[in-house]
Amino acid sequence: KRMEEDKAIVQNWLDQEPHAAMVMPASGTVGFLKYKAGVKSEELAKELLKTSGVFFVPGSCFDCEYHLRLTLTSDPEIEQKGLSLLSEYLASHQKR
């Protein structure tokens, strides 16, 4: 049940987030979130963790640069807050 709730939260976020995309996994608890920003995934993950406490595994760990590994079993409130902070980060790192 938690995974389905998280999938719905992530899908709602994706529907409104122009700087990210993800193919929702049909089964399993992990997805790879593709993001649009001029920042490599390890730098993004480290900076986001340092500035806001949000943790993502960088896609570069899986030879999948400009992606973040997203676990679909988080507490719904925490999931929403983390995605909101990621949106703020992505919006602030767009090329002008």
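Tutor: We may begin at the surface, where V30, F32 and F62 make a nonpolar patch of about 230 Å². This is a predicted model, in which local features need pLDDT of at least 70 and side-chain atom pairs count only at pLDDT 80 or more, while totals for chains, interfaces and linings use all residues. Residues are numbered from 1 along each chain as its sequence is written, and side-chain values use heavy atoms, with hydrogens and water left out.

Student: Why is V30 called partly exposed?

Tutor: Buried means under 20% relative accessible area, exposed means over 50%, and partly exposed is in between (1.4 Å probe, protein chains only). V30 has a relative accessible area of 33%, so V30 is partly exposed. V30 belongs to strand 2, residues 30–35; helices (H or I, at least four residues) and strands (E, at least two) are DSSP runs, numbered from the N terminus.

Student: What makes A20 buried?

Tutor: The relative accessible area of A20 is 9%, and therefore A20 counts as buried. A20 lies in strand 1, residues 20–21. Its C-alpha is 5.5 Å from that of K34, although A20 and K34 are 14 residues apart in sequence.

Student: How do you know that E42 and K46 form a salt bridge?

Tutor: A salt bridge requires a side-chain nitrogen of Lys or Arg within 4 Å of a carboxyl oxygen of Asp or Glu. For E42 and K46 the N to O distance is 2.9 Å, and the structure holds one salt bridge. Both residues lie in helix 2 (residues 41–52), four residues apart, about one turn of the helix.

Student: Why is helix 1 described as roughly parallel to helix 3?

Tutor: The axes of helix 1 (residues 2–16) and helix 3 (residues 76–92) come within 10 Å and cross at roughly 25 degrees. That angle makes helix 1 roughly parallel to helix 3. Angles under 35 degrees count as roughly parallel, over 145 as roughly antiparallel, 65 to 115 as roughly perpendicular and the rest as oblique. Axes are lines fitted to C-alpha atoms, for helices over the stretch in contact, and angles run from 0 to 180 degrees between N-to-C directions.

Student: What makes helix 2 oblique to helix 3?

Tutor: Helix 2 and helix 3 pack at an angle of about 120 degrees, with their axes 11 Å apart. Helix 2 is therefore oblique to helix 3.

How values were computed
Patches are made of residues with over 30% relative accessible area and no salt bridge: like charges are joined within 9 Å, nonpolar side chains (Val, Leu, Ile, Met, Phe, Trp, Tyr) within 5 Å. Accessible areas come from the Shrake-Rupley method with a 1.4 Å probe; for residues, only the protein chains shown count as cover.
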